[in-house]
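The following note was prepared for a colleague who wishes to go through the model point by point. Please read it beside the sequence and the coordinates.

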Amino acid sequence: MTVLEANKIHKSYGNKFTRQEVLKGIDVSIDKGEFLTIMGASGSGKTTLLNVLSSIDRVSHGTIHIEGKELTGRKEKQLAEFRKHHLGFIFQEYNLLDTLTVKENILLPLSITNASKKEANAKFTSVASELGIEDVQHKYPNEISGGQKQRTSAARAFIHEPSIIFADEPTGALDSKSASDLLDKMSELNQKRKATIVMVTHDPVAASYSSRVIFIKDGQIYTRLYKGDQTRSSFLKDIMKTQGVLGGVQYEH
Amino acid sequence: MNTNQLILRNLHKNIKNYYLYVFALIFSTALYFAFVTLQYDPAMDETTGSIKGAAAVRVASVLLIAIVAIFLIYANNLFIKRRSKEIGLFQLIGMTKNRIFLILSMENFLVYFGSLLIGTLFGFAVSKLIMMILFKIMGIDQVASLSFSIAAFLQTVGVFTAVYLIIMLVNYLYISRQTILSLFHIKSKTEAREKRISIFEVVIGLFGIGLIALGYYVSSRLFSGDFTSIQELFTVMLFILVSVIIGTYLFYKGSVRFLANLIRKNKGGYLNINQVLSLSSIMFRMKSNALLLTIITTVSALAIGLLSLSYISYYSAGKTAESNTPADFSFVNEEDLSVFTSALKEEGIPFNKETIKVLVAKVKIDDIVNGSAASLPVEDGVLPMPIVSDASIPKLNVGENQILFTGYSDAMKQIVQFSSSGTIVLHTATQSFKQQYMGLAKEDVLSGYFTKGRPTVVVDKALFEKIAQDLNKELQFNADYAGINVQDEDIKIANDIFQSLEGIQRSGNSSQFALLNRQKENMGLIMFIVGFLGLTFLITSGCILYFKQMDEGDEERPNYTILRKLGYTRGDLLKGIQGKQVFNFGIPLIIGLFHSYFAVQSGWFLFGTELWAPMFIVMGLYAGLYSIFGVLSVLYYKKVIRHSL
């Protein structure tokens, strides 16, 4: 079943004279329960793509449907309503509110939807234990490690069981141990909860955790890779090979 | 690009950052210049007349510059913080700190003195208006003229240059203390981010509330007779001030956070949007905000208190004049009276005359005084009091064994409380009469010459005769009271006659109209100065809170981005922000109002006779004007939220 369907999306910035086209007609479709990675060099437009797919930014042309509902052309308020119920976000800079405890941060998406307190607590306990952050639930973001912050951010994205979770360089600010921890947890949640995840990264190791990788170059889709039945290490080799052909940022091992 | 171009470019680019600073500057210069112009205006010499008036204006102008200096330094601190990144960048490309300081100083110089000039012009424009207001308040018929005072201009420039130098010094210290790294990170590091609420904090909070309550309690006892000497009074006042201010600080520091935490704990981590934006953000910043809020609260309390007191005296001017001179004109001298009445007759002004015979006898009042009478000039509970017969006052009738006090001022009520009944002993030279005390009437019967702030004793005609037979000679006035009343429309002419007749304005004779005018003139100048200062207090404290909120808003902008990504609408966020602003602006206002209420309560009777109406008018006006800044800051947040996604 298709969760997200984007057709011929274009995005350009600037005015008539300084127009710069970042996305040049991209088609994507994402199935339920899929773990998709978007890869590309710096400036290839991968973050822009994530932003328009997740309704934070508007497309210049083209259409986006999520669960059969058209996103393009909707009003700001309706989009907020949509994000509230259907989308979850994980970002590179954690994006936690410094003023709230870990638990309060995680429960935020539920408080918008006016879920009952009991239900909220039950959901919190399950997602927090899955991500291993129960011990720090009463701490503030500045008191915990980067890995814990990012897992908090992930917990917040998962808690209200959204249709799609968007992750923008989630491992970007983490050391390799925390990064692999987080990715393990994410793919676990992806399998267990049948959660759909769209991740942007330029780290091939992170990409190798997903089931499909899309490469973007200069605003267009360059190629696609499917994991299929391969092991993660052989998928990683495929990804690195493609990245080498693609140019841009080289990844040395 | 050379340094000059850089300065101009910077100026051009930063004008958005600067506009509030510029506004603050223009505003304070205008205010100061207008005030100083007033000080140097020749017309003022006539109105203030006395040395006292001139001194009051001078003291006020010093106070004014103190407030303005603190305000400008605070505003400057906020704005230099906003430009920390730029300073870091300059350092990164190899500029020396001195060079950066020079650039900033030049830039600041242009902005500062440009605003100073505009402010002066603006101040010049409004100075006439201000003078007109002053004349109106003082009840002076004089046309305010518009003249540019060079002396005032020089003083303004001199004083503001001094402030500029102080600001530069602060900037210099700021820049020289910073490293490149810290300048880049300044925005995320300004707050102390300690979180745990300790028992100690709770104790501190409770202690703070205790101190405030103690201050209030002592203030209510201030003039109750417990403290008699000036030295004692002064010490106690100082004690109240210190205990309330420290209490307020501790209250903000401990209790607010504690209370907020209690609510939060109760929620078990499940906060709604309002709580996210208000409660948690307030708690988060309370530590560093406590001092600022304390200052704002104290300044507001001071302003409201002073304004209330001066307005009370202005408002009660009529009442005071009336209690001093119940009739339009009062006389204690037969000759003067006949000179005046014949002059009135000549002018064809109708009038009526009443004469009241006044005796003085010692009255033992300690039976009917509640509490201590130590503050009264009483020996052994015996007070010499003016006595009149009920026959000379048509409105009052007193029985043979009874006695009534009348013309009792509210101010006196605060010093000594009379019970509503009891027995009183009247002492004449050789005899004493035991009378039943009937209570207090408000009616003013005699002029201030006779009463000297004491109530007048009304007795039955028969008793009055008996007292007259057996007088204690040394206590008596050598005159009777005579009052002249004229029609309302004639009062001005009558007063002119009273003033023009030679020799009759001696002590004891008085004109209510002239007295009222003199009161208004005296009170008017004080009220004007206090009002001016109060307005400055109000606007500077409002601006500081607004700047602070601007700063917080910019700092919290990433939070709004996250929240909007999560699906909160702009409306949701704004609702939370409004809650926060109600707190940020409301709490200092409410506590300030409480402080000033108790301050006014403790000593208002020294200033006038009416309490509630003038106090509520002042408080309402202050709160209204103050709220404007709250609304402005909500509008600013609205903009930040709109641009956050």
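1. Conventions. This is a predicted model, in which local features need pLDDT of at least 70 and side-chain atom pairs count only at pLDDT 80 or more, while totals for chains, interfaces and linings use all residues. Residues are numbered from 1 along each chain as its sequence is written, chains are lettered from A and ligands numbered from 1 in the order in which they are written, and side-chain values use heavy atoms, with hydrogens and water left out.

2. The open sheet of chain A. Four strands, in the order β2-β1-β4-β5 of chain A, form an open sheet with antiparallel pairing. Helices (H or I, at least four residues) and strands (E, at least two) are DSSP runs numbered from the N terminus, and two strands pair if DSSP finds at least two bridges between them. The edges are held by β2(A) and β5(A) (69-70); each has a single partner strand, so one side of each lacks a neighbour in the sheet.

3. Strand β1 of chain A and its partners. Antiparallel strands β1(A) (residues 2-13) and β2(A) (residues 20-31) are joined by 9 bridges. Leu4(A) has Ile30(A) as its bridge partner in β2(A), and Ile9(A) stands opposite Ile26(A). The hairpin formed by these two strands has 6 residues between them, and Gly14(A) in the turn has a positive phi of about 85°. β1(A) is also joined by 5 bridges to β4(A) (residues 61-66), again antiparallel, with Ala6(A) opposite Ile64(A).

4. A further hairpin in chain A. Strands β9(A) (residues 212-217) and β10(A) (residues 220-226) run antiparallel and share 6 bridges. Val213(A) faces Leu225(A) in β10(A) as its opposite residue. Here 2 residues lie between the strands, and Asp218(A) takes a positive phi near 50°.

5. A buried threonine. Thr152(A) belongs to helix α5(A) (residues 146-159). Its relative accessible area is 1%, so Thr152(A) is buried (under 20%; exposed is over 50% and partly exposed in between, with a 1.4 Å probe and protein chains only). Apart from residues up to four places away in sequence, Thr152(A) touches Leu96(A), Val102(A), Asn105(A), Ile106(A), Ile133(A) and Ile144(A), a contact being heavy atoms within 4.5 Å.

6. Chain B overall. Chain B has 19 helices and 12 strands, and buried residues make up 53% of its 645 residues. Among contacts in chain B with a separation of 6 or more, 85% are between residues 24 or more positions apart. Its accessible surface is about 29700 Å², of which 63% belongs to carbon and sulfur atoms (Shrake-Rupley method, 1.4 Å probe).

7. Cavities. A cavity is a set of points on a 1 Å grid, over the protein atoms alone, where a 1.4 Å probe fits but cannot get out; lining residues have an atom within 4 Å of a point.

8. Lining of the largest cavity. The lining residues include Tyr18(B), Phe79(B), Arg83(B), Leu104(B) and Asn171(B). Two or more residues come from each of α1 (3-40), α3 (51-82) and α5 (97-138) of chain B, and α3(B) gives the largest share, 3 residues. By class there are 6 nonpolar, 3 polar and 1 charged residues (Ala, Val, Leu, Ile, Met, Phe, Trp, Tyr, Cys and Pro count as nonpolar, Asp, Glu, Lys and Arg as charged, the others, Gly among them, as polar).

Key
1 Å grid on protein atoms, 1.4 Å probe; cavity = no way out; pocket = protein on both sides within 12 Å on 5 of 7 lines; lining within 4 Å.
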